[in-house]
Amino acid sequence: MRPFLQVLFLIPVLLLSTGKATYAKDNLRVEHLPKVVKQGEVCLIRALGPASLKSIYGEFQGERFPIAVGAKNGTYEGFIGIDMSTRPARYEIKVVATDGGSRVYSSALSLKVEKVDFGIQKLSLPSSMVDLDAKTLERVNKEARQLKALFQAFRDERLWRGAFIRPVEGEISAPFGLSRIINGQHRSPHTGIDLRAEEGTPVLACNSGMVVLVDQLFFSGKSVILDHGWGLYSMYFHLSEALVKEGDRISTGAMLGRVGSTGRSTRPHLHWGIRINGARVDPLSLLKIGIHPIF
Ligand SMILES: [Zn+2]
């Protein structure tokens, strides 16, 4: 084929592909909430498109995250967790959808992650809780591996429904993200929030889910962890007692146990933590997000 004929042959193909891309872009709009996302926050991704979409997912930092399907009004929503250590920068979030046939919709948005100064907490604790002997260290490492494996498991089913609630009332005695200096040494940061409460105060499930861990751990004491599906986990530490068992399906507000001071703790409080696909996020950011009625 002569060169100019090759070019002529290509034109309709280019028009076709350009036309399709434009169509898809016009029919899938994506936005995120809040508008300014900080390190350690939950981000809600909302897509507006045809009501007929059969599958839809997002991509952030090379990982897929699920987006709710089945909205009658063509609104689709999903969460991403911005880990507390995510580098402050601009990121691209891609949303891909199909109508069950050959048509693929795709849209992208730019997400700016802002830096947070989490602050520093200085603590004095008995050296038996800080300077660990070999046997205790082995136990601590084993428990850390166990939790890591737990958070890596991804449940396709979404168990949570509607808005998230606070597991206990009470002031925040230690906020999320604090760098910690314990007995003069740098230690791991605070990856949840501490809520002050009387010993024995009921601890409630922040949303519906399945109990995936009830155990006595070295640092977190009597602990309960819920799997809410779609990579979202909530954890409740330092309990005086747990009132649920692994495998229980529970609903929002169900009583999981009671506030205590077990593990590495100096007074009764609830440590409440959230993971989203492994990202360590501030539970308060989950409470702040307006949950759309389709959830
Ligand atoms: Zn804590």
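Hi everyone, thanks for coming. One thing to keep in mind as we go: this is a predicted model.

Let's begin with the whole chain. The protein has 295 residues, and 31% of them count as buried. Its secondary structure comes to 3 helices and 21 strands. If you take the contacts between residues at least 6 apart in sequence, 66% of them join residues at least 24 apart.

Now to one of the sheets. In what order do the strands of the open sheet of 5 run? The order is β2-β8-β7-β4-β5, and the pairing is mixed. β2 and β5, the latter covering 63-66, stand at the edges; each has a single partner strand, so one side of each is left without a neighbour in the sheet.

β2 pairs with β8, residues 104-114, in the parallel sense, over 2 bridges. If you want a place to look, Val-37 stands opposite Val-113 in β8. Next, β8 runs antiparallel to β7, and 9 bridges join the two. Here Lys-94 sits opposite Ala-108 in β8. β7 and β8 also form a hairpin, with 5 residues between them, and Gly-100 in the turn has a positive phi of about 90°. Moving on, β7, which is residues 90-98, is joined by 6 bridges to β4, residues 55-60, and this pair is antiparallel as well. Gly-58 is opposite Val-95 in β7.

Which strands does β15 pair with? One is β16, which runs antiparallel to β15 and is joined to it by 7 bridges. These two form a hairpin with 3 residues between them, and Gln-216 stands opposite Lys-222 in β16. Another is β18, residues 249-250: 2 bridges join it to β15, residues 209-217, again antiparallel. There, Gly-209 has Ile-250 in β18 as its bridge partner.

The core draws at least three residues from each of domain 1 (3-114) and domain 2 (126-288). Leaving out residues up to four places away in sequence, Ile-276 touches Val-42, Phe-79, Ile-80, Gly-81, Gly-231, Leu-232 and Val-281.

For contrast, have a look at helix α2. With 19 residues, α2 reaches 27 Å from its first C-alpha to its last, close to the 27 Å expected at 1.5 Å a residue.

I'll finish with some loops.

Asn-183 has a phi of about 50° and is found in the loop between β11 (179-182) and β12 (185-187). Trp-230 has a phi of about 60° and is placed in the loop between β16 (221-227) and β17 (232-242). Are they buried or exposed? Trp-230 has 20 C-beta neighbours inside 10 Å, and 20 or more is the cut-off, so Trp-230 counts as buried. Asn-183 has 14 other C-beta atoms within 10 Å and is partly exposed.

One last pair, if you have the viewer open. Asp-131 is in the loop between β9 (120-123) and α2 (134-152), and with 13 C-beta neighbours inside 10 Å, Asp-131 counts as partly exposed. How far apart are Asp-131 and Asn-183 in sequence and in space? They are 52 residues apart in sequence, and their C-alpha atoms are 9.7 Å apart in space.

That's my tour. Happy to go back to any part of it on the screen!

Terms used:
Residues numbered from 1 in each chain as written. Predicted model: local features only at pLDDT ≥ 70, side-chain atom pairs only at ≥ 80, totals over all residues. Helix = DSSP H or I, 4+ residues; strand = E, 2+ residues; numbered from the N terminus. Buried ≥ 20, exposed ≤ 12 C-beta atoms within 10 Å, placed from the backbone. Pairing = 2+ DSSP bridges. Contact = placed C-beta atoms within 7 Å. Domains from an automatic or database assignment. Expected span 1.5 Å × (residues − 1).
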